[in-house]
Amino acid sequence: MASAAGTAPLADVDMSTVSGRKRGKTGYLLLLPAAIWLGVFFVIPFYSLVATSLFDPSGSDSRGYDMTYHVANYWHVFQDYRGPLLRSLWYGAIATAFCLVLGYVLAYAIAFKAGRWKNLMLVLVIAPFFTSFLVRTLSWKLILADDGFVVNTLQAVHVLGSDGRLLATPVAVVAGLTYNFLPFMVLPLFASIDKIDHRLIEAASDLYANPIKGFFKVTWPLSLPGVVSGTLLTFIPAAGDYINAQLLGSPNQRMVGSVIQSLFTDANNYPAAGALSMILMIIIVAMVLVYVRRAGTEELL
Amino acid sequence: MNWLRKHLVLILGLLVLVYTFIPIFVVVLMSFNDPASRLIYRFDGFTLHNWLNPCEDPAMCSALGRSVEIGLLATAGSTILGTLAAFALVRHDFRGRSTANLLIFLPMAAPEIVMGSSLLALFVGAGFAGQLGFWTILIAHIMFCLSFVVVTVRSRLAGMDDNLEQAAMDLYATPRQTFWKVTFPLVFPGILGAALLSFSLSFDDFIVTNLNAGQTTTFPMYVWGVAQRGVPMQVNVVGTMMFVISIVIVVGGELNSRRRARALA
């Protein structure tokens, strides 16, 4: 393998001081291409987004926009799209809570109970998510369909009324979000739980803590870094997602991502789209900061 | 009863695992579906038709081809840039490390819709509104795959035993020989894993792509389009294939590393 790649431009990596980090220009040179790429296509776009969100809304993408520092854009889009915005945060939060419960059970089982099947189970956790996101979501549409097994069963046990349905309700959207973002929860949780020294849990039970108390006094606090990064990695994409809302929900479950998308591509209202995108970003960053501070951990990944 | 109590967590964990596979069973099942109508999405009868005529809708296969093409190029680009950066972060000391780490971390934490719309704002602002398509998608994909490559390769590199490299140099290997004979083969599984991750991220992306694609259609965008007006069952053939291929790669990799571990032991 190494000889096949022997002509790649990596050859001038200086290995003269393997132990410890080497100072000098090589580090910068290695980092430079990636840093430029992220600078030009991630950081600068962010400034473009801020600028776009402050453009005069009376312009158009063909005539061009005037920069008028039109802060009122923010207020207007907040007024107009408060519903989808709050709904996205709400659905994202509920889906994250479900993911935490399901993900914790699974991660705990893999870390402590799977024994020599640990690696296999980890692979199996990720495997379903290699199938296309959209195709997977479409198959939930079939599972939750009106005359499908799930709906019929729920109707038979009177959880749903005889004309009750799941599709085109918040239940379907949250179920889809929960399903699709589960691995983002399981993997960080597993990484955290797997590191816990099992002797600590045994010590708790030696000291007469019942399993439930032992869990909340020992396992749970020690797994907090995983809980924090797992919930963030689940909540952020779930709140920004609109595929589940669109495929499994109805216009009443419209999420903010779909509004931003259509403001950009259908309505060509760039300033409004930019402002709404910024509002979503600001809310998420604020929530993350508060949350990380409260959870008392700086370790994100 | 005692047995149940002892294995309760494992059973619950396995149930969650089964739950993650339910939609996959549906995808595989539907790939053999003989639909009565394109508009009603349910299982009507068994047929091999979809598997024998995967390209019945040529639009699907051209979208699929484009996704593979973009996926391969995005994987190559992000894997090369990301691996170089990972070496820089683990092996070299320089000012601005924490800024660099933050720069790598942020794209993974930013919501896709925000990332996609910022990029669109940049392209439109720079006067590329008419040129949105293959290249803008590729640029976007390399951007969001890059961080995942850096993180994957970095963790492999950081967990590596330095002693082997020390030994190589004690035995008078030149730095170049040490790199290609010792370091690179040891890091390679990490690079391979990063490349696979990049490909699947790129291949599967919808939100960022949809904003920056112009008139170009990738496979997820095709599925999105037909979802409104009736899905051809061949979409499930592609879904099944993706699942099978990734299982083969992942299980193959796992078996390979076990075999190597045994050979070393």
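Two exercises on a predicted model follow, each with a worked solution.

Residues are numbered from 1 along each chain as its sequence is written, and chains are lettered from A in the order in which they are written. Because the model is predicted, local features need pLDDT of at least 70, side-chain atom pairs count only at pLDDT 80 or more, and totals for chains, interfaces and linings use all residues.

**Exercise 1.** Determine how helix 1 and helix 11 of chain B cross, and which residues make the contact.

Solution. Begin with the axes, which are lines fitted to C-alpha atoms over the stretch in contact, with angles running from 0 to 180 degrees between N-to-C directions. The axes of helix 1 (residues 2–31) and helix 11 (residues 234–264) of chain B come within 8 Å and cross at roughly 130 degrees. Next, list the contact (C-beta atoms, placed from the backbone, within 7 Å): helix 1 of chain B contributes Ile24(B), Val27(B), Val28(B), Met30(B) and Ser31(B), while helix 11 of chain B contributes Asn236(B), Val237(B), Gly239(B), Thr240(B) and Phe243(B).

**Exercise 2.** Describe the makeup of chain A and the surroundings of Ala34(A).

Solution. Then take Ala34(A): leaving aside neighbours within four places in sequence, Ala34(A) is in contact with residues of chain B, including Leu81(B), Ala85(B) and Leu146(B).

How values were computed
Helix = DSSP H or I, 4+ residues; strand = E, 2+ residues; numbered from the N terminus. Contact = placed C-beta atoms within 7 Å.
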